[in-house]
Amino acid sequence: MSAMIIVMRPDAEPGDAEAVVERLRAIDCEAHLSEGRFRTVIGAIGDRERIQQIPWEAMPGVEKAVPVLKPFKFVSRDFQEEDTVIDVRGVPLGRPDRFVAIAGPCAVESRDQLFRTAEAVKKAGASILRGDAFKPRTSPYSFQGLGEEGLQLLAEAREEFDMPFVAEVLDPRDVELVESYADVLRVGTRNMANFTLLQEVGRQSKPVQLKRGFTATIEEWLNAAEYIYKEGNHEIVLVERGIRTFETASRNTLDITAVPLVRGLSHLPIVVDPSHAGGKRELVVPLALAGVAAGADAIMVDVHPTPDTALVDGAQALLPSDFAELMAAVAEVAAAVGRSV
Ligand code: PEP
Ligand code: MN
């Protein structure tokens, strides 16, 4: 197997790229077309010898043909130079001049809890709501989420507060159900290498948030994104949520280095989740601001009206008033790196 990027000239005729795609298909190669603002790029994957036999650069409209040596192909910057910007019901994720805040409870527990949180985070400046109906718990005896009832409540909150929402999908058998309600599907850290689930969300039409596995390297994470992309879903958002290290003073270690690294390696938007990274309320604000400063496109923050009674992750949840303070600081740091909230 090998991969090649075929870059078309800016002045190529409309039929030139199609001719390249047809030629690729004729030799049983997979071809993905990416139409950028200035030029069209075609990504090809297939048998090395067959791809290399054809003098691509001699075809009309072709500027160059370059082999992709990285293990992940289509999600790499080599394939697409321009940033991917995802429109989540009017909220642009990945636009270099915008910063997006995603916030809400870790788990949906009740209408009252969800609505109080959604109202507060919206007022403080969040534009996407988070809240889960299916929770991946370490213990099988812990609260597992409200299931479809939780999704219904999230859909009601979306209407009430005019906020799209993201929710986790744990099981390939639930993908259709979650997709029928949520605006963005999330694959959690424990499922980053669940390739069946990745393929399933890759066949859907809603954007997918892909959390980094807590023991995954950046390369493994981008390979997981490649699984989704390859199935046809190109709207992928990467979420750095901390990795497991020798350090036990925090829940995980936020790998802030991953933000600029991923920015260079991939065209996909990147989000920082300071809540699951630190696991402690007092760490959320500094980690969130570090994420903004490092160039993340968004933060995703756990907020709960009464963290002491939260069924999941209360120790890391911010009170709505703390979140409002955080947002004021986020706006300042975002402005310093050329983004408006
Ligand atoms: C979450 O965002 O609620 C969650 C379960 O996160 P993670 O998969 O990063 O642990
Ligand atoms: Mn959580």
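In what order do the four strands of the open sheet lie? In this predicted model, the order is β2-β3-β1-β4, and the pairing is antiparallel. The edge strands, each pairing on one side only, are β2 (30-35) and β4 (62-68). From one strand to the next, the twist averages 20°. Six bridges join β2 to strand β3 (residues 40-46) in the antiparallel sense, and Ala31 has Ala44 in β3 as its bridge partner.

**Helix α1 on the sheet**

Helix α1 (residues 14-26) packs on this sheet and touches β1 (2-8), β2, β3 and β4. The direction of α1 makes about 0° with that of β3. The buried residues of α1 are Asp16, Ala17, Val20, Val21 and Leu24. Seen down the helix axis, they fall within an arc of 135°, so they line one face of α1. These buried residues pack against β1, β2, β3 and β4. The face of α1 turned away from the buried side carries the exposed residues Pro14, Glu18, Glu22, Arg25 and Ala26. After α1 comes Asp28, which has a positive phi, near 65°.

**Nonpolar cores**

The largest nonpolar core has 77 residues, and the members that touch the most others are Leu129, Val201, Leu210, Trp221, Ile299, Phe323 and Leu326. Helix α7 (residues 218-230) gives the most to this core, with seven residues. Apart from this core lies another of 18 residues, including Val20, Val21, Leu24 and Ile27.

Leu129 has contacts with Ile102, Ala103, Gly104, Leu114, Ala118, Val121, Leu154, Ala157, Met163, Pro164, Phe165 and Val166, when residues up to four places away in sequence are not counted. Leu129 also stands opposite Phe165 in β9.

**Parallel strand pairs**

| Strand pair | Bridges | Opposite residues |
|---|---|---|
| β8 (residues 128-130) and β9 | two | Leu129 and Phe165 |
| β13 (residues 270-272) and β14 | two | Val271 and Ala298 |

In strand β9 (residues 165-168), Phe165 and Ala167 point one way, Val166 and Glu168 point the other way, and all are buried. In a regular strand the side chains alternate between the two faces of the sheet.

Five of the five residues of β14 are buried, so the strand is largely enclosed by the rest of the structure. Ala298, Met300 and Asp302 lie on one side of β14, with Ile299 and Val301 on the other, so both faces are covered.

Val303 is found in the loop between β14 and α11. Is Val303 buried or exposed? Val303 is buried, because its relative accessible area is 0% and the cut-off for buried is under 20%. Not counting residues up to four places away in sequence, Val303 touches Ala103, Gly104, Pro105, Thr117, Val121, Ala317, Leu318, Leu319, Pro320 and Phe323. Of these contacts, Thr117 is 186 residues from Val303 in sequence, with a C-alpha to C-alpha separation of 6.7 Å.

Cys106 and Asp313 link distant parts of the chain, 207 residues apart. Cys106 is in the loop between β7 (100-104) and α3 (111-124), while Asp313 is in the loop between β14 (298-302) and α11. Cys106 counts as buried, at 5% relative accessibility, whereas Asp313 is partly exposed, with a relative accessible area of 21%.

**Ser321**

Ser321 has its place in helix α11 (residues 320-336). With a relative accessible area of 45%, Ser321 is partly exposed. Ser321 and Gly145 are 176 residues apart along the chain, and their C-alpha atoms are separated by 25 Å.

Conventions
Residues numbered from 1 in each chain as written. Chains lettered and ligands numbered in written order. Predicted model: local features only at pLDDT ≥ 70, side-chain atom pairs only at ≥ 80, totals over all residues. Heavy atoms only, no water. Core = buried A, V, L, I, M, F, W, Y, C linked by side-chain atoms within 4.5 Å. Buried < 20%, exposed > 50% of the residue type's maximum accessible area, 1.4 Å probe, protein only. Contact = heavy atoms within 4.5 Å. Pairing = 2+ DSSP bridges. Axes fitted to C-alpha atoms, helices over the stretch in contact; angles between N-to-C directions. Arc of directions from axis to C-beta.
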